[in-house]
Amino acid sequence: MRRSLAAMLLLQCGLAQPTVAVERLSGEAIRQLFEGNTVSGRYNNGRPFSEFHHRDGRATGHNRNVLNRDACWTTTQDAVCYYYGPHETRRTYCFSVERSGQLYVLRTLREGRVNGIAAIEPDDPHRHTEKVPAWNCDGLISRRQGEATRLAGR
């Protein structure tokens, strides 16, 4: 039922737009578009997401109504990647991004399946930065602000 609803919403969003060519964005174009802005939308299962993309690599906000507490983001040559969780149990997700008018389609990088549809909101309109303690993103290592960096030793 939820998948049917999500599919119907995605179809309606597509029908509400005039016919526009789909443009696959480069990693640099994604970075310029996401950095300092909020990406909000729905996954293909209908669940919401909304994340403010900090210039320092943090992604504050929520996924499926679960607050981010250690999320980081970066771009590659042709995708955006997100890292959630401590280094030992980190979950990584990478997506290509296609623009169609004002809508952005996020596709899983490996399979190419639609993961979600989003819109870009200027700045941080949902005040995501105020909802959780700050953390730092050091490369692919996420840690709470003021916490010592732990590097692997031999």
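Residues are numbered from 1 along each chain as its sequence is written, and side-chain values use heavy atoms, with hydrogens and water left out. Because the model is predicted, local features need pLDDT of at least 70 and side-chain atom pairs count only at pLDDT 80 or more, whereas totals for chains, interfaces and linings use all residues.

**View 1. Salt bridge between R58 and D56**. The structure holds 6 salt bridges, a salt bridge being a side-chain nitrogen of Lys or Arg within 4 Å of a carboxyl oxygen of Asp or Glu. In the R58 and D56 pair, the closest N and O atoms lie 2.9 Å apart. R58 has 13% relative accessibility and counts as buried, while D56 is partly exposed at 41%. Buried means under 20% relative accessible area, exposed over 50%, and partly exposed in between, with a 1.4 Å probe and protein chains only.

**View 2. Salt bridge between E98 and R107**. The closest N and O atoms of this pair are 3.1 Å apart. R107, at 25%, counts as partly exposed.

**View 3. Network of E28, R31 and E35**. Salt bridges that share partners join these residues into one network.
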